[in-house]
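Hi everyone, thanks for coming.

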Number of protein chains: 4
Amino acid sequence: MPVVPPSAQYVLTLSCPNKPGIVAGVSAYLFGESCNILDAQQYDDTQSTVFFMRVVFNLVGDTPFERISSGFADLAKTFNMNWTMRAVTQKKRVMVLVSKFDHCLADLLYRWRIDELPMELTAIVANHPRDLVVLARYMQILSEGLSAKLSGRCINIHHSFLPGFKGANPYKQAHTRGVKLIGATAHYVTSDLDEGPIIEQDVERISHRDLPEDLVRKGRDIERRVLARAVRHHLEDRVILNGTKTVVFGD
Amino acid sequence: MPVVPPSAQYVLTLSCPNKPGIVAGVSAYLFGESCNILDAQQYDDTQSTVFFMRVVFNLVGDTPFERISSGFADLAKTFNMNWTMRAVTQKKRVMVLVSKFDHCLADLLYRWRIDELPMELTAIVANHPRDLVVLARYMQILSEGLSAKLSGRCINIHHSFLPGFKGANPYKQAHTRGVKLIGATAHYVTSDLDEGPIIEQDVERISHRDLPEDLVRKGRDIERRVLARAVRHHLEDRVILNGTKTVVFGD
Amino acid sequence: MPVVPPSAQYVLTLSCPNKPGIVAGVSAYLFGESCNILDAQQYDDTQSTVFFMRVVFNLVGDTPFERISSGFADLAKTFNMNWTMRAVTQKKRVMVLVSKFDHCLADLLYRWRIDELPMELTAIVANHPRDLVVLARYMQILSEGLSAKLSGRCINIHHSFLPGFKGANPYKQAHTRGVKLIGATAHYVTSDLDEGPIIEQDVERISHRDLPEDLVRKGRDIERRVLARAVRHHLEDRVILNGTKTVVFGD
Amino acid sequence: MPVVPPSAQYVLTLSCPNKPGIVAGVSAYLFGESCNILDAQQYDDTQSTVFFMRVVFNLVGDTPFERISSGFADLAKTFNMNWTMRAVTQKKRVMVLVSKFDHCLADLLYRWRIDELPMELTAIVANHPRDLVVLARYMQILSEGLSAKLSGRCINIHHSFLPGFKGANPYKQAHTRGVKLIGATAHYVTSDLDEGPIIEQDVERISHRDLPEDLVRKGRDIERRVLARAVRHHLEDRVILNGTKTVVFGD
């Protein structure tokens with residue numbers, strides 16, 4: 001069996017109330033349609049009793065993908081599933097909204113250019129005009145209605161600290177408090193600006209020598225790589241919403 | 001559905017040549033025996049064409065575990081599986097062999113005492129007698145026959161460096177080379193002493209101020225936590241051998 | 001010049017209002033008394049205008065240490081210094097207060113037994129009796145007067161999160177919030193229980209599979225190593241208080 | 001005393017055979033010339049008996065910097081010092097040589113554009129032409145003579161592994177060996193291509209799911225940030241050569 005190229009791979013994600021038979025049902029369906037499972041991860045949240053699954057497969061038989069996908073709807077209905085099924089190489093459409101600082105934008109653009117992030121960039125929107133990339137302006141705080149509509153589809157990045165700080169200029173507060181680590185959090189946007197379901201976090205070590213501006217500089221590096229990882233996880237259908245949390249099926 | 005306590009959980013691990021129908025077969029069997037799947041991870045090595053799977057489940061019906069386990073043998077035979085199935089709370093029997101330095105032993109004993117590592121300690125063997133724990137002596141280098149017999153069942157821990165160093169006193173060599181990170185590797189023992197399948201690795205930052213003895217001290221901390229993680233992964237049936245490598249289904 | 005053994009080393013730490021001439025004054029004094037500087041780190045907090053210094057030296061001439069130490073008092077007075085000077089091998093006296101969970105105690109005891117932490121253990125005080133180590137009980141919350149008296153001399157360890165959580169059972173809150181990292185903070189005790197000057201912090205990665213009890217288990221590992229590092233820094237006179245913060249001269 | 005802006009700061013680095021009186025000599029000289037020490041770190045390598053020092057200071061009196069710098073030569077001669085003294089804001093001239101892969105170049109360019117790396121870019125040299133940045137070609141392996149001439153002034157980045165691998169395609173070897181961490185090393189170039197004094201290293205976690213091309217992708221991220229840190233340390237005169245090693249005075 002040769003290595004299956006990405007262009008022949010498909011990915012199914014689903015979540016539904018847990019009850020016996022889901023895995024058996026899904027795998028029997030795929031087997032019956034001559035699909036070969038390449039990778040599968042599942043998770044049963046025993047507290048919320050919600051079941052989550054991600055399956056990567058390729059087609060061995062003659063059935064076209066469209067029929068496999070539409071045929072899955074019956075099973076999905078039986079188990080009351082939220083589900084998606086798509087070709088791995090079908091790129092998602094992405095719009096980037098950028099504020100004054102462009103370090104994350106530059107990083108995303110570079111990764112997009114070298115095909116590291118499988119996405120189709122449809123727009124870059126900024127509220128600080130620059131010749132190069134400015135296409136439009138946006139309201140920095142999304143309306144509640146828009147946030148709700150974008151649920152699970154809009155990712156934000158911001159700094160994070162141990163402990164957390166409320167109010168303005170958290171880097172200055174972190175410096176005053178003398179923390180030894182600073183971090184960043186990527187999360188889905190909800191109407192509560194910094195409190196959506198977390199996708200990825202990371203930290204970096206700092207010292208007493210670091211001034212608030214050094215924290216800002218080191219913070220940029222963490223934000224770039226945390227956002228890039230979160231976007232990649234999202235683009236590869238590795239993230240499934242679980243109430244106020246996420247299930248992230250790692251690579 | 002209430003949270004399922006560990007005492008009601010069972011774990012199945014298997015590896016076999018990949019071909020269509022494995023997942024469907026396994027999940028249909030478990031479903032048919034009224035088993036409820038709590039967690040499952042699988043991996044298809046497209047290079048070696050070997051398939052790996054780990055399933056945690058509980059019993060919903062009346063069929064006793066022994067019958068579910070023995071009944072699985074037929075399916076396992078069909079797919080030519082290497083497999084194990086056991087109760088999560090059934091403790092594995094562990095023997096610890098310790099050389100002159102006892103930092104890893106002390107750490108394992110503490111974790112065992114507070115029930116963090118689910119194992120039954122059957123013997124502690126050392127080649128440097130101390131009143132407390134010495135039960136026997138052992139040859140520091142296992143014979144080739146014994147190594148082969150212990151394949152996949154004997155874990156070793158040793159320091160690791162970027163780049164690697166050959167020969168005696170690697171900490172001194174690392175100091176001379178001025179490395180900025182030192183690490184540790186836990187792996188299954190093979191007849192080639194330091195070259196078995198790797199289970200877990202980690203590193204720690206060092207500086208120009210660190211003397212060789214500081215590297216040794218910092219190395220102890222890495223070795224302790226790398227070994228503890230590797231042992232835990234092994235005890236929880238998360239590690240499956242894959243030729244010269246391992247598949248580790250993370251927690 | 002041969003390597004100077006620790007038994008021949010002395011350490012000076014000081015902090016004082018910054019003004020020109022401090023380094024020149026200190027180094028001229030040590031040079032005049034035939035002391036050889038082995039390591040020195042200094043830091044000028046340009047915001048608080050406080051100067052911090054740590055010097056390790058050995059004696060080349062015949063002047064006994066006591067005279068070098070007492071003779072330093074004049075210079076210290078001129079610059080209005082807070083200062084300490086002691087032999088590196090003169091062990092500090094340490095009392096350990098332990099609550100219900102003993103993972104940090106066991107770790108400190110092991111490191112003390114193998115001479116990794118240069119301290120003299122004078123007492124272990126616990127509020128949960130066990131045969132082995134319980135010497136007394138203590139009030140879990142120190143009085144304001146005692147906290148003030150112990151300023152800079154009493155180290156606490158507790159879990160930390162990004163973001164922080166207020167109120168009871170933060171591990172449960174962290175699980176509900178779906179954080180991807182958990183951490184620990186070691187700090188000097190002040191009357192505000194969890195808000196003293198931070199000495200050391202670290203984090204560990206977790207996943208959606210981790211239940212609150214897994215967070216507690218992983219938290220133990222972080223707490224152990226963060227506390228051990230903080231205690232070591234303190235014992236080696238690497239930590240100097242700087243208002244609500246610390247200066248930590250790293251190894 | 002207000003915060004001293006970088007434009008008023010000067011940095012002195014030196015290394016010389018260790019003997020008593022160096023710190024006293026240097027600090028007395030600076031004090032005598034009305035220089036105020038802002039930050040100082042020193043290190044005494046007791047094995048090679050070489051002394052290293054880095055001092056940041058500003059001018060309080062009227063003496064111009066040029067006179068302070070030239071006046072230091074006498075003291076430097078007495079102690080047989082290798083030394084440099086320069087204004088912190090005086091940018092170093094940097095030439096970037098880039099091979100086929102441009103991830104590090106893109107990262108350096110971005111950091112240079114936002115003034116994060118205080119350097120003057122004089123040339124970008126590549127052996128794979130692109131319209132945008134290619135100025136010339138270069139021989140991928142520097143001649144021994146050129147390497148010797150560039151000693152301590154030319155930084156290279158390459159991947160690193162635990163354990164190390166010899167020969168072609170180390171990412172493939174690392175995958176075959178099943179390592180759980182991959183890393184990168186930034187070092188000064190010597191005639192022995194990958195063996196120069198190490199400036200900085202870091203690692204990233206990988207899993208059994210990662211194919212060789214995933215290792216390459218994750219490796220890019222480590223290489224970018226390790227190189228950026230190494231370049232920054234170099235530009236800020238934080239790195240001093242110590243035989244086959246470096247002394248890196250951290251920020």
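I'll take two interfaces in turn.

Some housekeeping: this is a predicted model, where local features need pLDDT of at least 70 and side-chain atom pairs count only at pLDDT 80 or more, while totals for chains, interfaces and linings use all residues. Residues are numbered from 1 along each chain as its sequence is written, chains are lettered from A and ligands numbered from 1 in the order in which they are written, and side-chain values use heavy atoms, leaving out hydrogens and water.

Let's start with chain D and chain A. Contact here means heavy atoms within 4.5 Å. On that rule, chain D puts in 25 residues and chain A puts in 26 residues. For chain D and chain A it is about 2200 Å², with carbon and sulfur atoms giving 32%. Three residues stand out: D:Tyr110, D:Arg209 and D:Asp251 supply 26% of the area that chain D buries against chain A, more than any other three residues.

Now, how many salt bridges are there between chain D and chain A? The count is twelve, where a salt bridge is a side-chain nitrogen of Lys or Arg within 4 Å of a carboxyl oxygen of Asp or Glu. One of them joins A:Arg111 to D:Asp221, with the closest N and O atoms 2.9 Å apart.

Which parts of chain D do this touching? Helices (H or I, at least four residues) and strands (E, at least two) are DSSP runs, numbered from the N terminus. Strand E2 (35-45), helix H3 (103-113) and helix H6 (212-235) of chain D each give two or more residues to the side that touches chain A. H6(D) gives the most, with eight residues. By class, that side of chain D has three nonpolar, four polar and 18 charged residues. In this scheme Ala, Val, Leu, Ile, Met, Phe, Trp, Tyr, Cys and Pro are nonpolar, Asp, Glu, Lys and Arg are charged, and the others, Gly among them, are polar.

The same surface serves both copies, as 100% of the contact residues of chain D recur in chain A.

On to chain A and chain C. Here 36 residues of chain A are in contact with 36 residues of chain C. The buried area is about 3200 Å², and carbon and sulfur atoms give 48% of it. There are four salt bridges between these chains, including C:Glu200 with A:Arg205 at 3.2 Å, N to O. On the chain A side, several elements supply at least two residues each, among them strand E7 (155-161), helix H5 (170-177) and strand E9 (198-205). E9(A) gives the most, with seven residues. That side has twelve nonpolar, 14 polar and ten charged residues.

That's my tour, thanks!

How values were computed
Buried area is the accessible area (1.4 Å probe) that two parts lose on being put together, summed over both.
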